[in-house]
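I'm opening the notebook on this one and writing things down as I look them up.

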Amino acid sequence: VSCSMAGEEGFFLEERRFKQHCEDLVKHSQQIGDGWEWRTSKDLGDGYLSKTHFQVRNRHIPPDLKEKNNDNTEQMLFAHVEEPWDDAQAAGAGGAEEVVRYEYHVLYSSSYQVPVLYFRACFLDGRPLTLDEIWGSVHASYQARLQEGPWDTITQQEHPILGQPFFVLHPCRTKEFISAVLSASQEHHRHTNFIILWLSTVGPVVGLNLPLSYAKLAPEQSTDADVA
Amino acid sequence: MTDDKDVLRDVWFGRIPTCFTLYQDEITEREADPYYLLLPRISYLTLVTDKVKKHFQKVMRQEEVSEIWFEYEGTPLKWHYPIGLLFDLHASNTALPWSITVHFKNFPEKDLLHCHSKDVIEAHFMACIKEADALKHKSQVINEMQKKDHKQLWMGLQNDKFEQFWAINRKLMEYPPEDNGFRYIPFRIYQ
């Protein structure tokens with residue numbers, strides 16, 4: 001399966017702009033306590049966005065109901081801690097509830113000139129999720145696309161900065177569905193934060209959601225030259 | 001490119017004599033002899049070691065065997081790096097044969113990518129090819145190819161077929177003079 005890219009006019013993001021938009025995202029995240037931070041590598045000049053959160057996974061509930069938003073996670077966690085001795089409850093309708101720790105990184109790909117989403121997930125005992133488990137937890141709306149070409153969508157790769165195994169959402173797909181949206185916004189000279197636009201589109205595929213307040217974000221006083 | 005065919009063939013047919021030894025803590029029903037193999041520099045460990053796996057599995061019980069992984073002097077070897085690169089990085093100053101230790105347990109999750117099937121290797125290889133073409137030709141050459149061409153590239157590598165591989169790869173290595181050559185030359189530096 002090849003990635004179709006409608007020429008260079010498709011979505012591409014300069015690295016400088018990538019960093020700026022990430023910075024704006026982090027600022028807003030700090031205001032609302034959404035947990036994003038910018039990390040830099042000591043050896044390299046490169047940096048990346050990072051966020052960790054916990055999700056409750058339930059194998060017996062269909063994928064689109066599995067996902068809980070951040071507000072509910074704490075409630076869910078404590079609700080189950082309260083009743084550890086009740087076997088009937090534990091084996092009941094809730095099924096095998098497990099807490100998964102997700103770590104998301106947003107890096108810049110110089111080759112494709114787009115942001116790329118890396119992530120890893122493990123259970124609380126440290127056991128990492130397998131690729132099959134990751135594919136299984138992709139949101140129901142995207143399952144059809146994933147089945148078509150799983151190897152083109154999410155695979156395990158080496159993190160370019162940390163050198164450790166991470167799962168990656170392939171950049172090819174980014175250009176596919178972002179181009180149309182972005183050219184429309186550029187036509188209207190809207191000052192768009194590309195990272196927020198991109199992340200709000202691809203994040204949900206892998207369990208990452210952005211609260212709506214990010215949509216109100218506008219880049220700090222960019223000149224017309226930046227938008228063009 | 002035809003002038004360079006000798007060089008291309010030398011690169012393709014480069015081999016590293018290797019001695020595979022089973023990790024001493026693996027549980028076996030009888031002693032495991034080491035296994036010797038000439039490894040192609042341009043290929044990947046998990047693609048060319050089926051015989052190694054079979055050889056050691058013969059002396060082990062089924063329940064003792066899970067995903068194979070390789071280690072050199074305590075360092076897990078990243079199968080997704082080409083064999084020649086692994087050798088140059090870890091063992092270039094040592095005497096041949098290259099001594100690699102084989103493991104079937106305690107897969108180092110934090111260090112190595114999983115490789116449960118050949119599909120994983122193919123996906124990785126093709127991703128590298130695509131990224132390189134993004135730099136060389138803005139992905140135009142790789143995207144204009146049909147699925148069967150991609151397959152031929154992969155099968156050429158998997159089956160060690162130089163001609164089959166280069167029939168397709170030469171298109172990825174062409175740069176029209178009117179475009180002033182490749183947009184960017186892709187290379188990776190490891191240390």
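Predicted model: local features only at pLDDT ≥ 70, side-chain atom pairs only at ≥ 80, totals over all residues.

**Chain B, overall layout**

I started by counting elements: chain B has eight helices and five strands. Reading from the N terminus, I get the order α-β-β-α-α-β-β-α-β-α-α-α-α for chain B. I boxed the C-alpha atoms of chain B along the principal axes and got roughly 65 × 35 × 30 Å. Chain B has 191 residues, and 46% of them count as buried.

**The annotated stretch**

Arg170(B) pairs with Glu174(B), with 3.4 Å between the closest N and O atoms. Arg170(B) is partly exposed at 42% relative accessibility, and Glu174(B) is partly exposed with a relative accessible area of 42%.

**Salt bridges elsewhere**

I ran the count over all chains and got 21 salt bridges. One of them joins Lys51(A) and Asp34(A), whose closest N and O atoms are 3.0 Å apart. Lys51(A) is in strand E2 (residues 47-58) of chain A, while Asp34(A) is in the loop between helix H1 (15-32) and strand E1 (37-40) of chain A, so the pair ties together parts 17 residues apart in sequence.

Are these two partners buried or exposed? Buried means under 20% relative accessible area. Lys51(A) comes in at 2%, so I put it down as buried. Asp34(A) is at 7% relative accessibility, so Asp34(A) goes down as buried too.

Then I looked for a bridge across chains. The side chains of Glu158(A) and Lys78(B) form a salt bridge, 3.3 Å from N to O. Glu158(A) belongs to strand E5 (residues 154-158) of chain A and Lys78(B) to the loop between strand E4 (75-76) and helix H4 (83-90) of chain B, so this pair joins two chains.

**Surface patches on chain B**

Which residues gather in a patch of negative charge on the surface? I got Asp3(B), Asp4(B), Asp6(B) and Asp10(B). I followed up on Asp6(B), which sits in helix H1 (residues 5-12) of chain B. Asp6(B) has a relative accessible area of 59%, so I logged it as exposed.

There is a nonpolar surface patch as well: Ile185(B), Phe187(B) and Ile189(B) make one of about 410 Å². Phe187(B) is in the segment after helix H8 (162-172) of chain B. Its relative accessible area is 64%, so Phe187(B) is exposed.

**One last distance**

I finished with Asp111(B), which I found in the loop between strand E5 (98-103) and helix H5 (118-137) of chain B. Asp111(B) is partly exposed at 39% relative accessibility.

Definitions and conventions:
Residues numbered from 1 in each chain as written. Chains lettered and ligands numbered in written order. Heavy atoms only, no water. Patch = residues over 30% accessible without salt bridge, like charges linked within 9 Å, V, L, I, M, F, W, Y side chains within 5 Å. Areas by Shrake-Rupley, 256 points an atom, 1.4 Å probe, with all protein chains shown as cover. Salt bridge = Lys/Arg side-chain N within 4 Å of Asp/Glu carboxyl O. Lys, Arg positive; Asp, Glu negative; His and termini not counted. Charge placed at Lys NZ, Arg CZ, Asp CG, Glu CD. Helix = DSSP H or I, 4+ residues; strand = E, 2+ residues; numbered from the N terminus. Buried < 20%, exposed > 50% of the residue type's maximum accessible area, 1.4 Å probe, protein only.
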